[in-house]
Amino acid sequence: METIKTRCLIIGSGPAGYTAAIYTSRANIGPLVIEGYQPGGQLTITTDVENFPGYPEGVSGPQLMDDLRAQAVRFGADIRSDYVSEVDFSSRPFIARTEKLEILADSVIICTGASAKYLGLDDEKKYNGLGVSACATCDGFFYRGKKVAVVGGGDTACEEALYLSNLASEVYLIVRKDHLRASKVMQHRVLDKENIHVLFNTNTVGLYGAEFVEGAHLVEHVGTDNERRYDLPIDGFFLAIGHKPNTEVFGEFITLDHTGYIKVEGAGTATNIHGVFAAGDVADPTYRQAVTAAGMGCKAALDVERFLSEQA
Ligand code: NDP
C-alpha cells in the first residue's frame, strides 16, 4: 500500500469538494481529492441545472461537475478516483485509507454529500431522469402545466409539493399513513392549496409509460378490506422520503446531529475535531443546493487555510 502525505485531504467530489479543491489549490496548499464512488455527486444524476449562477442557458449536471473538476485540476489539485473506507482522526496527522492508499493529512474536509432515499422500485431506476426525480427545485421547471406526484409526508415532501404547485397544474402528495409528519404550518399550507391533492394511506407499487413516466400504479389501504388498486396519470414522480448523509465512515470520530448530519460550529465548517472540516450536503440538512454546497466548500477551504497557518 502506497503512503502519501498531504496538507489537505478532501473526501468527496460534489460542488463542495471541487470548490474546496479550487480554493485550497489556489492557496498553494496542494490538496488531495479522493473522488468517491460517484464522482461529481448527486448532480451527475440530474439532467439540466438552470439555477447555478453563471450559466444563462443552463448546464447539464455532469457538465457542471466536469467544469468544476477541470477548474480544480487547472490550479494543481491532485484528484484521484478512489474511495475512503476507513479513517483515524484520533491524532494528527489524520489517517485515511482507501483500497490502494494510506493518506496522512494535516487537515481534512469532508464533502461526502447525502443520497436521496428511494422506494426501491425497479421502475425508479428505469425512469430516472425520464420523469423520476428526487429534487423539485432542480427539475420542477420541466413540469410547468403538467401533473406530478410527490411521495412522502414530511417537511421536505410538503415543501417540494408547494414548490411544484406553483409550476405544475396538479400535484398529488402520496402519503403512506393517514397523516402528515410535517410541521403543522407546512401541513396547513399544503392542505390549503387548491391544486395539491393529498392521497393518504397510499403506496406506490410501480410506474408506467412508453419512454417517459405517464403514470403511477397505486394501492390505497394496502392489506385491508378496503384495499384498492388504481393508476394515477402523471408526468413527473418526485421522491421526498428523506436524505441519508454519507457519514458511515466517520461516525466513530465526528459528532452528528440527531438526523445523522455532521454538526458544524455556527455558520462555519469546523467539526468537533480540530483540523477536520465538513462542507456541502453532508453537513447541511436545510438548503442542499449545488450553489450552497459550493459556498460551503469555499468556507471550508478558507477555514483550512487559517488552521494550517496557525499550526505553522
Ligand atoms: P422525514 O424523515 O421527516 O420524513 C420522511 C417522510 O417520508 C415521512 O412522511 C415518511 O413516512 C415518508 N417515508 C419514508 N420512507 C417511505 C417509504 N418507503 N414509502 C413512503 N413514504 C416514506 O424527512 P424530510 O426529508 O421530510 O425531513 C428531514 C428533516 O429535515 C426533518 O427534521 C424536517 O423537519 C427537516 N426539514 C425542515 C424543513 C423546514 O423546516 N423548512 C424543510 C425540509 C426538511 P412516515 O411518516 O410514514 O414515516
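1. Basis. The model is predicted, so local features need pLDDT of at least 70 and side-chain atom pairs count only at pLDDT 80 or more, while totals for chains, interfaces and linings use all residues. Numbering runs from 1 along each chain as its sequence is written, and side-chain values use heavy atoms, with hydrogens and water left out.

2. Ligand shell. The residues around the ligand are L119, G152, G153, G154, D155, T156, E159, R176, K177, R181, I241 and G242. By class, the shell has two nonpolar, five polar and five charged residues. In this scheme Ala, Val, Leu, Ile, Met, Phe, Trp, Tyr, Cys and Pro are nonpolar, Asp, Glu, Lys and Arg are charged, and the others, Gly among them, are polar.

3. G153 places a backbone N or O atom 2.9 Å from a ligand oxygen. The side chain of T156 has an N or O atom 2.5 Å from an oxygen of the ligand. For R181, a side-chain N or O atom is 2.5 Å from a ligand oxygen. On its own the ligand has 900 Å² of accessible area, and the protein covers 69% of it. Areas come from the Shrake-Rupley method with a 1.4 Å probe; for residues, only the protein chains shown count as cover.

4. Cores. The largest nonpolar core has 57 residues, of which L9, F89, V108, I109, I110 and I254 touch the most other members. Helix α7 (residues 290-311) supplies eight residues, the largest share of this core. A second, separate core of 20 residues includes V150, A168, V175 and F238. A core is a set of buried Ala, Val, Leu, Ile, Met, Phe, Trp, Tyr and Cys residues joined through side-chain atoms within 4.5 Å. Buried means under 20% relative accessible area, exposed over 50%, and partly exposed in between (1.4 Å probe, protein chains only).

5. Helix α5. In this helix (residues 155-165), the buried residues are A157, C158, E160, A161, L162, L164 and S165. They pack against α4, β13, β14, α6, β15 and β19. Helices (H or I, at least four residues) and strands (E, at least two) are DSSP runs, numbered from the N terminus.

6. Backbone points to check. R92 and P93 are joined by a cis peptide bond, with omega about 0°. P93 is in the loop between β7 and β8. H221 is not a glycine, yet has a positive phi of about 50°. The loop between β17 and β18 holds H221, and this residue is partly exposed at 28% relative accessible area. R288, also other than glycine, has a positive phi near 50°. R288 is in the loop between β21 and α7.

7. Two buried residues. V49 is in strand β4 (residues 48-49) and has a relative accessible area of 5%. Leaving out residues up to four places away in sequence, V49 touches L43, G58, V59, S60, G61 and L64. Touching means heavy atoms within 4.5 Å. T247 lies in the loop between β20 and β21 and is buried at 8%.

Notes:
Near = heavy atom within 4 Å. Polar contact = N/O pair within 3.5 Å; in protein donor to acceptor, adjacent residues only side chain to side chain.
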